[in-house]
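Subject: Handing over a structure

Hello,

Here is the structure I promised to pass on to you. Please open it first, and then read my notes below.

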Amino acid sequence: MHLADTRIEHEAGGWKIDFIGDGDAVSVKVADEHAVSADEALERAKAVMVQLTAYGTRGGGRR
């Protein structure tokens, strides 16, 4: 996915971060206790996405 836009909004109880590509989108929700600002929520969401990229690839995740 080629990242075209990132949107961050605060909802009840946490943050919603949308990574938007060309025709695809991925949303990550970060609880308030893990991020007190939009910048912190974005960094946490990026870390989650990096952890998820190992799944389904050689040497990472379940087989």
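A word on terms to begin with: two strands pair if DSSP finds at least two bridges between them. Helices (H or I, at least four residues) and strands (E, at least two) are DSSP runs, numbered from the N terminus. With that in hand, here is a pair to look up: Ile17 has Val28 in β3 as its bridge partner.

Some background on the file. This is a predicted model, in which local features need pLDDT of at least 70 and side-chain atom pairs count only at pLDDT 80 or more, while totals for chains, interfaces and linings use all residues. Residues are numbered from 1 along each chain as its sequence is written, and side-chain values use heavy atoms, with hydrogens and water left out.

The overall layout

The chain has 1 helix and 3 strands, and along the sequence they follow the pattern β-β-β-α. The 3 strands make an open sheet in the order β1-β2-β3, with antiparallel pairing. Because β1 (3–11) and β3 (25–31) each have a single partner strand, they stand at the edges, and one side of each is left without a neighbour in the sheet. On average, neighbouring strands of this sheet are turned by 15 degrees against each other, direction ignored; axes here are lines fitted to C-alpha atoms, for helices over the stretch in contact, and angles run from 0 to 180 degrees between N-to-C directions.

Strand β2 (residues 14–21) pairs with β3 in the antiparallel sense over 7 bridges. Besides the pair above, Trp15 stands opposite Val30 in β3. The two strands β2 and β3 form a hairpin with 3 residues between them, and Gly23 in the turn has a positive phi of about 90 degrees.

Where does helix α1 lie? Helix α1 (residues 38–53) lies across β1, β2 and β3, and runs at about 60 degrees to β2.

The core

A nonpolar core is a set of buried Ala, Val, Leu, Ile, Met, Phe, Trp, Tyr and Cys residues joined through side-chain atoms within 4.5 Å. Buried means under 20% relative accessible area, exposed over 50%, and partly exposed in between (1.4 Å probe, protein chains only). The largest such core has 9 residues in all: Trp15, Ile17, Phe19, Val28, Val30, Ala35, Ala41, Leu42 and Ala45. Two or more of these residues come from each of β2, β3 and α1. In soluble globular proteins, nonpolar side chains tend to be buried together.

Leaving aside neighbours within four places in sequence, Val30 is in contact (heavy atoms within 4.5 Å) with Gly14, Trp15, Ile17, Ala35, Ala41, Arg44 and Ala45. Of the 63 residues of the chain, 22% count as buried.

The salt bridges

How many salt bridges does the structure hold? There are 3, a salt bridge being a side-chain nitrogen of Lys or Arg within 4 Å of a carboxyl oxygen of Asp or Glu.

- Asp5 and Arg7 meet at 3.2 Å, N to O; Asp5 is partly exposed at 33%, and Arg7 is partly exposed at 48%.
- Lys16 and Asp18 meet at 3.9 Å, N to O; Lys16 is partly exposed at 22%, whereas Asp18 counts as buried at 11%.
- Glu43 and Lys46 meet at 3.6 Å, N to O; being 3 residues apart in helix α1, Glu43 and Lys46 are separated by about one helical turn.
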